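The paragraphs below lead through one structure, from its overall build to single strands and residues. Please keep the sequence and the three-dimensional view open while reading.

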Amino acid sequence: MAEVVVQQGRVARTGTRKRGSLRNALGRKSTVAFFLTLPLILLIVLLVLYPAFYSVYLATLNKAMTKFVGLGNFTFLFKRETFWMVVKQSCIFAITAVVFKALIGFIVAHFVHNIPGKKQRKWRGMLLVPWVIPPAMSTLAWLWLFDPSYSAFNYTLSFFGVGPIPWLGDTFWARFSVILVNVWYGAPFFLIMYLAALKSVPDQLYEAAAIDGANWWQRIWYVTLPMMRNIIAITTLFSLIVTFANFDIVRILTSGGPLDTTHLFATWAFQVGIQSSDIPLGACVSLFMVPILAVAAIFILRDVTKRGNEA
Amino acid sequence: MADVSLRKVIKRYDDVEAVRGIDLDIADHEFIVLVGPSGCGKSTTLRMIAGLEDISDGDIMIGGDVVNDVPPKDRDIAMVFQNYALYPHMTVAENMSFGLRLKHYPKAEIKARVTEAARLLDITDLIDRKPKQLSGGQRQRVAMGRAIVRNPKVFLFDEPLSNLDAKLRVQMRIEIKKVHQKVRTTTVYVTHDQVEAMTLADRVVVMNKGRIEQIGTPNELYHKPATRFVAGFIGSPAMNFIPCRLEDVAGKLQIRLTDRIAFALPPARAARYNALPRNDKLVLGIRPEHLTESHAHLGPGIETFETVLDVIEPMGMETLVYFGLEGTPVCGRVNPNAGATDGAPMRLAMDLNNMHLLNEETGAVL
C-alpha cells in the first residue's frame, strides 16, 4: 500500500505546485505511516487519553460536580483513615499476590518443563484453566467454597477437627482468601511466560554449567535466572499493574468487607464514586494508582533494554 | 594420570542402540579424534565420557577410576561445545572463571589462571567483553579458555569448528594443535570432518553405525584401511571402488577391471592375493592420486590404460579427472599441464603398488 502512494507522489510532481506539495506530503513514508496508525491512535485517544484526562478533571470538582475545588478532594482523602488503609491493603494485596504467583509459576514451570513431550501439552492445558475462565465466574465458585456453614472447605476441615473458619468474615481470613483466589487465577500466566522463557534457554548452557561444577541450585541461580531476567521483570510489572487494579475478585467475594478491610483502590473507588454517588472523590481515589505504579515500573524496567542487548 | 578407557560401552535410546559396545583406550596426553558420519554415535560417546548421557551398559574409566555414576562436575573434565555455550550474561573473564569460582578458588589464583589462558589464546584484549560482542572465532577461543583454566584431566571437544567458516576453521585447527602441544592434556575430539581428524589426531577412531570401524594413526588409516568404510571415508576426493576379479594368465596373477582392461599384479601384491579364490566378487580400491597421467618412464607395478574423460576439474596445483569404467565413476589426479580436456581421450597410469583389494560382500580389505 505504501508503495502505491509513494508512486502517486512521484507522478504528481508534474501537477500544479500547491497540489504537488500536498501529494509530496502524502508521498513521504512518515506521513503514510502516520495515516496507517491513525485508527489506533484515535482508539487510544478515545478510550485511554480522554477518560484519563476526564478523570483528572472530575477529581477537581465538588461532590455535586458544580464547582471547581482544585486539590480539595485530595486533601480530604489524605485526612481519612480509610484511605490510608486502602493504600496499605492494595500494597499488601498486590505485592503478596504477585510474589506468590511468580514463585508458584516459576516452580510449576520447572516441573512442567521437565515433563516429556505429549504429556507436557496436557499438563500445560490443564494448568492454564484458571486463567482462561472469566474471573467473575470462577470467583463465584470460590464464594461457595468459602461459605462458612455449607462449604466444601469447612466440611473437609471438620474431619480434622478444625474450624469452622470464617473465610470471608474475619479480617485476616478475608484478606487471605482474596489473595488466594488472585494467586489461583494469576499463577498460570506466570507459568506460561516462564515456561516459554525456560524453553528459550539452550540446553548446552546447562550442560556447560554442569561440567563447570554447578549443582542444581547453582544452575538455577547462575544460568536460569539471569537468562530469564527480562521475562521475569516484564511479567512482574504487568502482573503488578493488573493485580493492583483488581476489582472483580474483591467485589464478588467480600465487597470490601469486613469493615472495609479488604478494599483495594478499584473497589473503594467504585464504592465511593458509584455507590455513594461522589464521583469526583471516586475519580480521585482511582488516580492514586498512577504514581505508585509509575515508581514500580521505573524500578522493574530500569535496565531491561540494556540487558536485552546481551541476549 | 589421566588416561581414559571405555569397556564395552553401550547406549540405548528406547529400543535403538546408538552406541553398540565400544572398547577404547586413550593414553595420558594423547589427542584422540572420533570421526564418522552424522548419527554414527561419536557425539553420544563423547557425551557419555562427559557424563551428560548415562551409559546403558559397560564401563567408562578416567584415570583408572570407574566413573559410570559420577556426575559431570566430579569427573574433572572440561568440554568445548559446537555452539560455544558461553553464558551470555557474563563477560569473557567471568565465563572463563565460572568453574573456578564455583569451586571457591582464591581470587588471586583465578586471576592468574584467566590471564595465562587469555594470553595463550590471544584474547587478553577481549577479557571484559560480553560474548555477544565477539566473532565466532573469538567465542570459540573463549570456550577453549574456559576449558583450559580448569586444568582438567581430560578435554572434550564436540565439533568445535563446525560453526566457523572454512578459512577460520583452518586457523583454529592450528590453534587447537598449538594449545595441545603446550598443555598436553588428554583430549577427545569429535568431528565429522576427516581433514580435522587427520591433521589433529595422534590416533583417529573411525566410527560407523555405533561401532568402531578402525583405530589407528592418521597414516595407518590412510594407507592401511581395514574396511571399505574407512577406505572411503578417509581421503578427499574419496578412494575409487571398481568391481574386479582375479585371473591366472600364463602363470601370472592379474586383475581384470573390464573386458578390455586387465593388469598383471606386481610380485608383492600377487603373493599377497594368490590364495584368494578366483571367482570371488572383489573390489579394487585405488586412491585418485594413484591414477595419474601416463608418461615415458613408468616404474614397476604402474600400468597404463586408455579412457575417455567425462569431466575435468582444474584445482590449480592439480587437475581432477572423472571418467567411467563400465558404469563405475572413477576419479584421478593428473598434472595440470598433462593436457586433460572435457570429453577427450587420455592415457592414464594406475599405481598398483598402492592398490587395495576388498571383499565386495563383507567390505573387508584383503
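In chain B, 67% of the contacts between residues at least 6 apart in sequence join residues at least 24 apart, where two residues are in contact if their C-beta atoms, placed from the backbone, lie within 7 Å. The model is a predicted one, in which local features need pLDDT of at least 70 and side-chain atom pairs count only at pLDDT 80 or more, while totals for chains, interfaces and linings use all residues. Residues are numbered from 1 along each chain as its sequence is written, and chains are lettered from A and ligands numbered from 1 in the order in which they are written.

Chain B contains nine helices and 20 strands, these being DSSP runs numbered from the N terminus, with helices (H or I) of at least four residues and strands (E) of at least two. Its C-alpha trace spans about 80 × 45 × 35 Å along the principal axes. Of the 366 residues in chain B, 39% are buried, meaning that 20 or more other C-beta atoms lie within 10 Å of the residue's own, with C-beta atoms placed from the backbone.

B:Leu34 stands opposite B:Val190 in β8(B) and opposite B:Val205 in β9(B).

B:Val33 returns in the largest nonpolar core, a set of 156 residues in which B:Val33, B:Leu156 and B:Val188 touch the most other members; such a core consists of buried Ala, Val, Leu, Ile, Met, Phe, Trp, Tyr and Cys residues joined through C-beta atoms within 7 Å. The largest share of this core, 14 residues, comes from helix α9 (residues 171-199) of chain A. Leaving aside neighbours within four places in sequence, B:Leu156 is in contact with B:Leu46, B:Ile49, B:Ala50, B:Ile77, B:Met79 and B:Val188.

Elsewhere in chain B, an open sheet of five strands has the order β13-β12-β11-β14-β20, with antiparallel pairing. Its edge strands, β13 (262-264) and β20 (356-359) of chain B, each pair on one side only. Within the sheet, five bridges join strand β11 (residues 240-249) to strand β14 (residues 282-286) of chain B, and B:Cys244 has B:Leu282 in β14(B) as its bridge partner.

Where the two chains meet, 15 residues of chain A are in contact with 19 residues of chain B. On the side of chain A that touches chain B, the elements giving two or more residues are α10 (203-212) and α11 (216-244) of chain A, and α10(A) gives the most, with seven residues.

Chain A has an enclosed element of its own: nine of the 11 residues of helix α13 (residues 265-275) of chain A are buried, so this helix is largely enclosed by the rest of the structure. Among these buried residues are A:Phe265, A:Trp268 and A:Phe270, and what covers the buried residues of α13(A) includes α5 (81-113), α11 and α12 (248-253) of chain A.

How values were computed: Buried ≥ 20, exposed ≤ 12 C-beta atoms within 10 Å, placed from the backbone. Pairing = 2+ DSSP bridges.
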